[in-house]
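Reader: I'd like to go through this structure with you. Can we start with charges and rings?

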Amino acid sequence: MTETLTQNDMRVVIIPAKSQEEIKQTKRLKVAAYCRVSTDEKEQVNSYKAQIEYYTEKINKNPEWQMAGIFADEGISGTQAKKRPEFLKMIRQCRQGKIDLILTKSFSRFARNTLDSIDYIRELRLLGIGVVSEKENMNTLNEDSEMLITILSCFAQAESESISKNVSWGIHQSFKNGNVPMQYSRLLGYRKGKNDAPEIVPDEAEVVKEIYRCYLDGMSMNLIADRLNEKGLKTKKNNSPYRKAVIQRILTNEKYAGDAILQKTYVTDCITKKTRKNNGELPMYIVKNHHDPIISRDDFNRVQEEMARRSAKRNIAEKLTKTEQGKYSAKYALSELLFCGECGAHYRRVTWTAKGFKEIKWRCISRIQYGKRKCHDSPTIDEQPLHRAIVSAINEFCEVKDDVAKVLRESVTEDLDANLNGGVQAAQQRIDELTHNIDELIKLAAVPESAAAAMTDIQKFSEEMKALREFIEAEKLKQAKTERSNYELDMVLKRLENEDFAIAEYDDVVVRQLIEKITVMDKNTITVTFKGGFEVRKGLDNGN
């Protein structure tokens, strides 16, 4: 007979839920440890090794634990998890179920970024994985642990920020004292020498000099990189081929002129470690004559000026649909040097196609863009006769270079002396006199009876002073131009003494090195102006 149960006989027995810790204890826990030291100094390395030995022994001694790995980051900042590969590897294994519990010395070793710390701990808690900190004697699986963890992590982050400020202060003091950090692994041309002073590497220095020389000869950064790569030369960093960016860094690095600019960049904050270009947010420090230069300061400054000039031409060309100057071209030297004798605009290289045949011509840009409105009679020039005339002019210049050099150097020196000892000094003396007179007139202007006359004289003297100052500025510009011409002439003469520039065929490199300007006078004549001012007039032979 079947027994029938009534509602009064029914009982509900409650089986208490186990805590995560009790569940873990029913099996051997897969336990891992995470260790980290802040630097790779000797003392810290010893601490790093000691931690690994300590946790290895601790986990293996516990019969309820199973070794799941020791994860250790050595000599790496703890402020960002992405810079700790072992830490990230440990987190991946947690997600894969390979770890049940993590041991660490303290939460400051686990993470110094509050956000990172809390995010990872919460994720691990959802996975049922606890982090046990020995210093704080805490398991993150405990319900009351999160508030304390947040407080401890905040203290750890504050410690990082304090350390960062102290380090920054030390760096700034070092900058003020002129201490220059040299990154030799990236700095072509230098190595660490005696007493830790920069020492020039001759072979590498020659490459640097060639880069500057080629740029001043009109070559683009891409062309310079191609030239070095064709020679089989490699960069110092990673031994990789040259690229435009590498050439640009070399051309703008003041260390090649023997100077050093400190604090070009700065770290925005100690957590993200992001760097930003210093555009005036923090002071910069210039250390002059810190080490032996590879490039003269004059050549370095000329390169910066040439960069600015090319950039200005490029910006103008991008903004205007029509321009008389056009953008800088390193492909053809004549795009920079060939000018129209009528309107002064540059000439441009164009290709004409007729009956299947192509012809290379040079035409005035103003004539191309505006027709005869701005340039009425500028001729179209065939490229081959133009090249032949330029070759002839260069060879003629090479034949008489010694006589030309003597005359030009004397004339430049005379002009320079005249500017130094002539009108500029007289103008400055007159300004000093007028300044004294105006001071006296200001006293008279305080007396009502003489105020009107004094103010009239003050106005007159002020206008004269303004004109004199404008004169001095104009004379200084002339003087700078004369000095530049003298410098360029010396450079040309040194090249002529050391190299044979007599050529049989047209060469863009030689043209850039020697020629300042070529003017198309008419359809049959050009004037070639060499650096230093020497001119040669040549006819265009239109024969074959």
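Predicted model: local features only at pLDDT ≥ 70, side-chain atom pairs only at ≥ 80, totals over all residues.

Reader: Which residue lies over the face of tyrosine 370?

Author: Lysine 374 does, at 4.3 Å from the ring centre.

Reader: Now ring on ring. How many aromatic pairs does a search of the whole structure find?

Author: Nine. Among them, tyrosine 54 and tyrosine 55 pair edge-to-face. Their centres are 4.9 Å apart, with 70 degrees between the planes.

Reader: Is tyrosine 55 buried or exposed?

Author: Buried, at 2% relative accessibility. Tyrosine 54 counts as partly exposed, because its value is 39%.

Reader: And what about phenylalanine 530 and phenylalanine 534?

Author: Those two form a tilted pair: 6.3 Å centre to centre, 35 degrees between the planes. Phenylalanine 530 is buried, with 0% relative accessible area.

Reader: Which residues do ring pairs link into a cluster?

Author: Tyr34, Phe87 and Tyr120.

Reader: Switching to the sheet. What is the strand order?

Author: β2-β1-β3-β4-β5, an open sheet of five strands with mixed pairing. β2 (65-73) and β5 (138-139) are the edges. Each has a single partner strand, so one side of each has no neighbour in the sheet.

Reader: In what sense do β3 and β4 pair?

Author: Parallel, over four bridges. β3 covers residues 101-104 and β4 residues 130-133. Isoleucine 102 has valine 131 in β4 as its bridge partner.

Reader: Which strands does helix α3 lie across?

Author: β1 (29-36), β2 and β3. Helix α3 spans residues 85-95 and runs at about 150 degrees to β2.

Key
Residues numbered from 1 in each chain as written. Heavy atoms only, no water. Phe/Tyr/Trp six-rings, centres within 6.5 Å; stacked < 30°, edge-to-face > 60°. Buried < 20%, exposed > 50% of the residue type's maximum accessible area, 1.4 Å probe, protein only. Lys NZ or Arg CZ within 6 Å of the ring centre and 35° of its normal. Pairing = 2+ DSSP bridges. Helix = DSSP H or I, 4+ residues; strand = E, 2+ residues; numbered from the N terminus. Contact = heavy atoms within 4.5 Å. Axes fitted to C-alpha atoms, helices over the stretch in contact; angles between N-to-C directions.
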